[in-house]
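Please look over the sequence and the model shown here before reading on. The briefing is meant to be read beside them.

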Amino acid sequence: MKEKFNQLITDTVKPFLKVNGFGKKGMNFYKKKDDLIFLFNFQSSQGNTFEQTKFYINCGIHSTKIDEVIGKTKLLEPKEYECYFRNRISSFTKSTEDGYLIKEDTNLLNLSLTIIDDLKNVVSMFDNIQSTNDLTDLMINKNGLNNYKELFEYFILTENKRDLGRFAKQLHSTFGAEKRWTIFESNLTEILKENGRTKTLVDILNEE
């Protein structure tokens, strides 16, 4: 089944993504636009056998501007787990299945059409992210706790008080009732101190 998977990547995925501006490196497809990097990653399941191959499509968006502002090395070809925003493609397509399965009786044409439709949905979403500001809005609304410390520091260092408060309140609204909130509060307070800010997280949460 591995051969069918490779055929799917070569004959279907690569041509479609190439037309949409993505270049292939290994099982990653990258598209760069100014300081943004868009990624599709094809991940094989560790439980694959000779009889079947399951794989996942991971999506990511990275910003070299955020890297630069918070003092990280600029990543020009980030791995999926290094992206500031990341999620499985099923989160965008609302599919009940988080992966794709190839077996002996799999109709590769039908599977190809499904994958192209799913990729189109995410490419359309990617096209709406035109700047790092668009990316940070997406991170506030959809990213949960992924890279929350990096995003919080980015807002501090760019003096973006509006989004700093909006992000802090979003986190508190979502996780404030959980016991682990004290850990998040401590981490964010430490970031404020490290960057010479006298305001506390409580001050930020109470601001109008």
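This is a predicted model: local features need pLDDT of at least 70, side-chain atom pairs count only at pLDDT 80 or more; totals for chains, interfaces and linings use all residues.

Residues are numbered from 1 along each chain as its sequence is written, and side-chain values use heavy atoms, with hydrogens and water left out.

**Overall build**

- The protein has nine helices and six strands, taken as DSSP runs numbered from the N terminus (helices are H or I with at least four residues, strands are E with at least two).
- Along the principal axes, the C-alpha atoms fill a box of roughly 60 × 35 × 25 Å.
- Of the 208 residues in the protein, 43% are buried, where buried means under 20% relative accessible area, exposed means over 50% and partly exposed lies in between, for a 1.4 Å probe and protein chains only.
- Among the contacts (heavy atoms within 4.5 Å) with a separation of 6 or more, 60% are between residues 24 or more positions apart.

**Helix α7 and its two partners**

- Helix α7 (residues 161–175) and helix α8 (residues 181–194) have axes that come within 10 Å and cross at roughly 165°; axes are lines fitted to C-alpha atoms, for helices over the stretch in contact, and angles run from 0 to 180 degrees between N-to-C directions.
- The helices α7 and α8 are therefore roughly antiparallel to each other, on a scale where angles under 35 degrees count as roughly parallel, over 145 as roughly antiparallel, 65 to 115 as roughly perpendicular and the rest as oblique.
- Where α7 and α8 meet, Leu-171, His-172 and Phe-175 of α7 contact Trp-181, Phe-184 and Leu-188 of α8.
- By class, this contact of α7 with α8 holds five nonpolar residues, one polar residue and no charged residues; Ala, Val, Leu, Ile, Met, Phe, Trp, Tyr, Cys and Pro count as nonpolar, Asp, Glu, Lys and Arg as charged, and the others, Gly among them, as polar.
- Helix α5 (residues 132–142) packs with α7 at an angle of about 20°, their axes being 9 Å apart, and α5 and α7 are therefore roughly parallel to each other.
- On the α5 side, Asp-137, Ile-140 and Asn-141 meet Asp-163, Arg-166, Phe-167 and Gln-170 of α7, and by class this contact has two nonpolar, two polar and three charged residues.
- Buried residues in α5 include Leu-135, Leu-138 and Ile-140, and α5 is followed by Gly-144, whose phi is positive, near 60°.

**Aromatic pairs**

- The count comes to 14 aromatic pairs, with rings of Phe, Tyr and Trp (its six-membered ring) pairing if their centres lie within 6.5 Å, and planes under 30 degrees apart counting as stacked, over 60 as edge-to-face and the rest as tilted.
- Phe-22 and Phe-40 form a tilted pair, 5.2 Å centre to centre with 50° between the planes.
- Phe-22 lies in the loop between α1 (2–19) and β1 (23–25) and Phe-40 in strand β3 (residues 36–44), so the pair ties together parts that are 18 residues apart in sequence.
- Both Phe-22 and Phe-40 are buried.
- One aromatic cluster is formed by Phe-5, Phe-29, Phe-42, Phe-55 and Tyr-100.

**Thr-93**

- Thr-93 is placed in helix α3 (residues 90–93), and leaving aside neighbours within four places in sequence, Thr-93 is in contact with Asp-118 and Asn-121.
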